[in-house]
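Trainee: Could we go through this structure together? I would like to start with the overall fold and then turn to individual residues.

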Amino acid sequence: MNENRVQYIDVVKGIAMICIILGHLGDANINRVVFTFHVPIFFFITGYFTNSERNITEFVKNKLRTLIVPYIVTCLLIVILGTIDGWNKGNPFYALEYWSKASLYGAGSEHVDPFFIPSIGALWFLWATFWGDLFLRISLNFDKYLRMVFIVGIFLFSYYSRSIFWLPLSIQAGGCAALFMYIGWLLRSMKKIIKNVPQEIKCFGILFMAATWIAFIKNFQSFWLVNGDMGRGIVDIIGCMCACIIVICICKLIDTKLKLLSDFFAYFGRFSLLVLCVHIIELDLFDWWQFAGKFVQQGMPESWQLSFIIFVKITADLSIVYILSKISFVRKIYGIRV
């Protein structure tokens, strides 16, 4: 076991990754909750733990190894399995072309302007994390004012350029992610200050952030970082950061009070990258609603079908991850240290 790991942070990552799986079910009621924090919280945590001491060359090498190598391996699996699936459906060459282009472009959703860009799905997150963390690491070489201008500038360019063209490898998503990483890094810089804040102020702050998160959920319109969509702008960014902090507080409480539940979520949090890659393979290549239709009685309410899919989908993903996590070769490919 890696003694440097923080258990409750792994709990956060485990819960957030399960929420990412839930967010891909297309249910509006689920989305209005999980989309307020599930992807941004990973960027927030990444920024909090960004290493400013490692030189940029070593930093990039490490990120290529831990993020882009898993991206390439998973894309190869998707291309192979997608082509086999296309062969069974009578159109293997279209499937090969589609998944190859999607892998090379690295977009999280399809785009049609100025040309058709196929989607590789949730693997966009790996490229966005790479770019966002690189932008943050570069900014750490600047003084505090130039750093702030650089991060905000990258964010604004990414946010406004997304409606004109979508760059390959989710660069703009990474530019938006950099803002959340920067906020995480700032909070770590304030760690000693926050520790000395009176308990009454902390309690009031937590209640205020919880209320802000609830308001964000209630008035949710959109918040899709895959496209750089910030919803209502600064209001929803603030709501998102409040959501992230409250979720972290809840996970810290789980880690303190509910040991078995903490261990469960923390295990899959340690393997969150593998969970993502397994999930995206099944999401890209498996029709869960068609599957549910074969096992659920005709006329059964859609909510029951959704519950059935959630149970089977999460059970399948986590079971596969558990098996793969025991294979040292897989852990090495995905750069996972436990």
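Mentor: A definition comes first: helices (H or I, at least four residues) and strands (E, at least two) are DSSP runs, numbered from the N terminus. This is a predicted model, in which local features need pLDDT of at least 70 and side-chain atom pairs count only at pLDDT 80 or more, while totals for chains, interfaces and linings use all residues. Residues are numbered from 1 along each chain as its sequence is written, and side-chain values use heavy atoms, with hydrogens and water left out.

Trainee: How many helices and strands does the protein chain have?

Mentor: There are 16 helices and 0 strands in the protein chain.

Trainee: Which atoms does the accessible surface belong to?

Mentor: Carbon and sulfur atoms hold 66% of an accessible surface of about 17,500 Å². The areas come from the Shrake-Rupley method with a 1.4 Å probe, and for residues only the protein chains shown count as cover.

Trainee: What share of the contacts joins residues at least 24 apart?

Mentor: With contact meaning heavy atoms within 4.5 Å, the share is 73% of the contacts between residues at least 6 apart in sequence.

Trainee: Changing topic, which residues have the most contacts inside the largest nonpolar core?

Mentor: They are Ile41, Phe43, Leu123, Trp124, Phe180, Phe223 and Met230, in a core of 107 residues. Such a core is a set of buried Ala, Val, Leu, Ile, Met, Phe, Trp, Tyr and Cys residues joined through side-chain atoms within 4.5 Å. In soluble globular proteins, nonpolar side chains tend to be buried together.

Trainee: What does Phe180 touch, leaving aside its neighbours within four places in sequence?

Mentor: On that basis, the contacts of Phe180 include Pro40, Phe43, Phe44, Phe223 and Met230, as well as Ile237 and Cys240.

Trainee: Is Asp236 buried or exposed?

Mentor: Asp236 counts as buried because its relative accessibility is 0%. Asp236 is placed in helix 11 (residues 234-257). Beyond its neighbours within four places in sequence, Asp236 is in contact with Phe216, Ser222, Phe223, Met230 and Gly231.

Trainee: Where is Phe216, then?

Mentor: Phe216 lies in helix 10 (residues 199-218) and is buried at 2% relative accessibility. Not counting residues up to four places away in sequence, Phe216 touches Thr36, Phe223, Arg232, Asp236, Gly239 and Cys240.

Trainee: What about Cys242; which residues does it touch?

Mentor: Cys242 touches Met209 and Thr212, with residues up to four places away in sequence not counted. Cys242 is in helix 11 and, at 8% relative accessibility, is buried.

Trainee: What does Gly14 touch?

Mentor: Gly14, also placed in helix 1, touches Phe265, Phe268 and Gly269 when residues up to four places away in sequence are not counted. Gly14 counts as buried at 2% relative accessibility.

Trainee: Finally, what is the phi of Leu169?

Mentor: Phi of Leu169 is near 60 degrees, a positive value in a residue other than glycine. Leu169 lies in the loop between helix 7 (144-161) and helix 8 (171-189), and is partly exposed at 22% relative accessibility. Ser170, in the loop between helix 7 and helix 8, has a positive phi of about 50 degrees and is buried, with a relative accessible area of 0%.

Definitions and conventions. Buried < 20%, exposed > 50% of the residue type's maximum accessible area, 1.4 Å probe, protein only.
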